[in-house]
Amino acid sequence: MKAQYVRAMDAINQACLFVAGACLIVITIIIPWGVFTRFVLNSASSWPEPMAVLLMVWLSLLSAVVCYRENLHIGVGLLPAALSGAPKVVLGWIIELGMLATNLFMLWWGVKLVAALWYQSIAEFPLVSVGVSYLPLPIGGAIIVLFVIERLWTGKLFAEPSLEGTPISSE
Amino acid sequence: MDVFILIGGFTVLCLLGMPVAYALGLASIFAALWIGIPLEAVMLKTSDGMDNFSLLAIPFFILAGAIMAVGGMAERLVNLAKVFVGFIRGGMAIVNIIASTMFGCLSGSSVADTAAIGSVMIPEMIKAGYPRLFAVNVTISGSLQPLLVPPSHNMIIYSIAAGGTISIAHLFVGGIIPALLLGLSLIILVLIISHRKNYPKGEVIPLGQALRIAGDAIWGLVTIAIILGGILSGVFTPTESAAVAVVYAFLVTMFVYRDVKWNELPKLVARVVRTVGMVMIMIGFSIAFGYMMAIMRIPAMATDFFVSISNDKYTFLFYVNILLLLLGTFMDLAPMLLICTPIFLPVIAQFGIDPVHFGIIMILNLGIGLLTPPVGPTMVVGCAIGKVTMEAVSRSILVFYIPMLIVLALVTYVPALTLWLPAQLLKP
């Protein structure tokens, strides 16, 4: 049961990574396309900018989900490093409950926000609801909630970041 | 009490070890509950924080830098720098600093710079007869300039944190002279050390070979021209120049240098996605955090506080520098920029300090924090590549802080170092 849950979470994580990567690639293609239409075709398209910004929100929240599961988020690790044994487990639970609270809020209030804005459409894309640009909030929140459950269940509260595919770093 | 919930709550959550981004989020949520603001507003601000065209430049610059780093650009820039200074005593150390500065113009990131240049330079310096610790120290210290030259994405973060009111182009250009000054001061230091300790000289590279090396490196250097030229001429916005730089970097890496195989690309994209994930969610929540700070009038209180302890802007800048240096040792650059900028902006307006000038001071100051224990990502990466302990580096790097602090003082007290170049090159 536990192993199946972990496998399912692996699959969700991979799916998030895939969708976020696809968003990144699409953004990278459409912005230069916008530049190309403006300078070469002399008719600026209006859609690349809002489209890229919309995808950016999806990219941001889904990649944040991946970073959580892989322990990549920037944090001050002094206290966890100083503790061991039972106190460290307690600290791990406190941190995870904090994550749970934050993401439950994101899920609940994100859903309310999306519901409130669902019948307004984005100015540049009349067929797309404004809600779509806020949808990543509850989705990202819901997935992290699943990941928090996984951590508490497996007890791997402070897994070492894997060296495979480490980020390039933001600093 | 309001302030305690927001700032105190954030501090406690951070110290416990919660990811900084989510600590910002949770503290904002608690504060909103406390003062009775609808939580939809917090969610709206978080999402809107990421819903910003200027921010797109961040993943683009990270991607362009990543492509250049795996594409063998670092090695080619090192070879180019060797042509100019390799034959001097301590030349390899100077090569390291110059290559870092050039590579910074491609990556805009201190950690990426240490990783890329360090992997090439640290083994080469050790082979040439330099002590291992010295090689690591030079690499780490030389990675400060990338934060100050375009396309430093921390400047974009600063501009966003300031509500998008500060021109990214002015910040980009404003950082150039401080970065060169920093590079120069580090070169002077390594020259002095190398002469005292009699470190080796390299060979003079024959003209034919030198020309070949330059021809090889020029492809990468054109990226700098695209970024700077595009922004300075006003042809591109920073975001567009970043996107064009990605396409160009991709074409050069895949079709000219051909050091990267096509099947390595998905892994590269995945690494960039992870980097973006670390930065963007933090920006989103910090915008919500800044919104709560504004509602609780925290920036106004900070202004009153600083005005009450001093009415002289130079004294104020002195205190701010000390404060940021201390905080910077514990916290990374991006979160500090996101949290401190909205607090300090009204204060500097009160003192008549230019926000571009202040941004460069903050980035340089907090950048030094990346090279210090206990929380110093650049130092950690440098130690890992050089296979030395943090303890050993923490002691031996002390002398390298001297030129950095001198340049920080100069940049703080001589605003022209930052503001002169943008005034010459850009429209106000």
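Two salt bridges cross the interface of chain A and chain B by the rule applied here (a side-chain nitrogen of Lys or Arg within 4 Å of a carboxyl oxygen of Asp or Glu). The model is predicted: local features need pLDDT of at least 70, side-chain atom pairs count only at pLDDT 80 or more, and totals for chains, interfaces and linings use all residues. Residues are numbered from 1 along each chain as its sequence is written, chains are lettered from A and ligands numbered from 1 in the order in which they are written, and side-chain values use heavy atoms, with hydrogens and water left out.

One salt bridge pairs Arg274(B) with Glu70(A), at 2.5 Å from N to O. Chain A brings 60 residues to the contact and chain B brings 68 (contact: heavy atoms within 4.5 Å). The size of an interface is often given as the accessible area lost when the parts come together. Here the buried area is about 5600 Å² (the loss of accessible area, 1.4 Å probe, summed over both parts). Carbon and sulfur atoms give 77% of this buried area.

Chain A has six helices and zero strands (DSSP runs numbered from the N terminus: helices are H or I with at least four residues, strands E with at least two). The C-alpha atoms of chain A fill a box of roughly 65 × 35 × 30 Å along the principal axes. Of its 171 residues, 50% are buried (under 20% relative accessible area; exposed is over 50%, partly exposed in between; 1.4 Å probe, protein chains only). Among contacts in chain A between residues at least 6 apart in sequence, 72% join residues at least 24 apart.

Backbone geometry was examined next. Most residues other than glycine have a negative phi, and most peptide bonds are trans. Asn71(A) has a positive phi, near 55°. This residue lies in the loop between helix H2 (48-69) and helix H3 (78-82) of chain A. Asn71(A) counts as partly exposed because its relative accessibility is 23%.

In chain B, Asn198(B) also has a positive phi, about 55°, and is not a glycine. Asn198(B) sits in the loop between helix H11 (176-197) and helix H12 (207-233). With a relative accessible area of 53%, Asn198(B) is exposed. The peptide bond from Pro150(B) to Pro151(B) is cis, with omega near 0°. Pro151(B) belongs to the loop between helix H8 (132-141) and helix H9 (153-161) of chain B.

Key. Buried area = accessible area lost by both parts, 1.4 Å probe.
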